[in-house]
Amino acid sequence: MVTRSGRCRSDTRKFQMKNSHLTGAFRFSVAPMMDWTDRHCRFFHRLLTRHALLYTEMITAEAIIHGDRQKLLAFSPEERPLALQVGGSDPRRLAIAAQIGAGFGYDEINLNVGCPSDRVQEGRFGACLMAEPHLVADCVAAMREVCGVPVTVKCRIGIDDQDSEAGLERFVSTVAAAGCSTFVVHARKAWLQGLSPRENRDVPPLDYGRVHRLKAAHPGLTVIINGGIRSLDEAEGHLGRVDGVMLGRAAYERPYLLAEVDRRFFGAAEPPVTRREAIERLVPYIERHLAAGGRLNAVSRHVLGLYHAQPGGRAFRRHLSGPGLRDSTGLHALEKALAAVSPTGAVSYRRAAA
Ligand SMILES: Cc1cc2nc3c(=O)[nH]c(=O)nc-3n(C[C@H](O)[C@H](O)[C@H](O)COP(=O)(O)O)c2cc1C
């Protein structure tokens, strides 16, 4: 049987999870996003897709070494396969951070070579490291030596005036020689001066061809394409020319698209979870979070887009983003939000679940 991407079904099955949490998970991933892909967000995304690879937000090596590790690194086992993204440029410090991350059970450690923010540049890491392939290679080598899980790199196609195909080629071959075999490439360059991080996600034009050619030139590497991919059809269109796709904003803003990922990218046979089922499965998690002293908003803010473009979707969103919600310690707002999208006007998720 041939899937929409033109692959045989048996080919697709090869990518199904077997022994390792990580096997083939790179085919579809949700991007690291600061302040967005925290553990609550990832737990929710995992209810929609069992197989996609999820990423943490970027955490700096120094924060991992000196900060509250439990707070920064703890996650629910259900979130796996899960990659920890780290930021830094000192090989020894990154090695320590990678070892700590691997000790927490992350399946992969990813080095951020794509963030253009001033703060990150001051620390001489993120996208500015694209100009220092040998330093990145040293970082990767040091991390690999101690952490025992794959070390991968997320980068851009170029920075500033170093925007040539030769520059990307030099960067990738140098870092690959240090043992990095997986590159996530955001298919636009970053301007380190003059554009905010947000503008750097939209203004520089996308050049998917360059990422496709990178894969063609390095068939032995795993190349994941990222940037501006808004739908699963678009994502599937890249497979065959690269090994995987990573979605950021589209997955966060319209999370229900993740519900089709297991069938379309991993050959899963089960029907996709419904929106309602996803919420019902999230409720016990929220209850545990509230019982531990947490606020509803910390979890529910990630769910706002679940009913995007659905009847009642706006009311759902409004109930979960009202001003009083920040301090809410009960499920009341969630119940109201669910009533807004329930065809019968049912008032409680419990009744609906019964
Ligand atoms: C709110 C936000 C925070 C982000 N934080 C990170 C980050 O911590 N590390 C990183 O490598 N990229 C970060 N990114 C960039 C994304 O990972 C991704 O490369 C970018 O959004 C392009 O993909 P998209 O068009 O599918 O969103 C962030 C993006 C957004 C929107």
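The bend at a residue is the angle between axes fitted to the seven residues ending there and the seven starting there. In this predicted model, local features need pLDDT of at least 70, and side-chain atom pairs count only at pLDDT 80 or more, while totals for chains, interfaces and linings use all residues. Residues are numbered from 1 along each chain as its sequence is written.

Start with helix H13. Helices (H or I, at least four residues) and strands (E, at least two) are DSSP runs, numbered from the N terminus. H13 covers residues 275–291, 17 residues in total. From first C-alpha to last, H13 reaches 24 Å, close to the 24 Å expected at 1.5 Å a residue. The expected span is 1.5 Å times one less than the number of residues. H13 has a kink of about 30° at Val283. Arg275, Ala278, Ile279, Leu282 and Ile286 are the buried residues of H13. A residue is buried if 20 or more other C-beta atoms lie within 10 Å of its own, exposed if 12 or fewer, and partly exposed in between, with C-beta atoms placed from the backbone. After H13 comes Gly293, with a positive phi near 100°.

Now the domains. Domain 1 spans 9–266 and domain 2 spans 275–353. These bounds come from an automatic or database domain assignment. The C-alpha centres of domain 1 and domain 2 are 30 Å apart. Their contact takes 10 residues from domain 1 and 12 residues from domain 2. Two residues are in contact if their C-beta atoms, placed from the backbone, lie within 7 Å. On the side of domain 1 that touches domain 2, helix H2 (residues 39–48) gives the most, with 6 residues. That side of domain 1 has 7 nonpolar, 1 polar and 2 charged residues. Here Ala, Val, Leu, Ile, Met, Phe, Trp, Tyr, Cys and Pro count as nonpolar, Asp, Glu, Lys and Arg as charged, and the others, Gly among them, as polar.

Thr49 is in the loop between H2 and S2. Thr49 counts as buried because it has 25 C-beta neighbours inside 10 Å. Leaving aside neighbours within four places in sequence, Thr49 is in contact with Leu258, Val261 and Asp262. Ala177 is 128 residues from Thr49 in sequence and 33 Å from it in space, C-alpha to C-alpha.

Next, the ligand. It is surrounded by 23 residues, of which Ala31, Met34, Met58, Gly248 and Arg249 are the closest. A residue is near a molecule if its C-beta atom, placed from the backbone, lies within 6 Å of it. Strand S2 (53–60) and helix H11 (249–253) are the elements that give two or more residues to this shell. By class, the shell has 10 nonpolar, 8 polar and 5 charged residues.

Some backbone details remain. Asp35 lies in the loop between strand S1 (28–30) and H2. Its phi is positive, near 70°, in a residue other than glycine. With 8 C-beta neighbours inside 10 Å, Asp35 counts as exposed. Arg124 also has a positive phi, near 55°. Arg124 sits in the loop between helix H6 (118–122) and helix H7 (133–147). It counts as partly exposed because it has 13 C-beta neighbours inside 10 Å. Arg80 and Pro81 are joined by a cis peptide bond, with omega about 5°. Pro81 belongs to the loop between helix H4 (69–73) and strand S3 (82–87).
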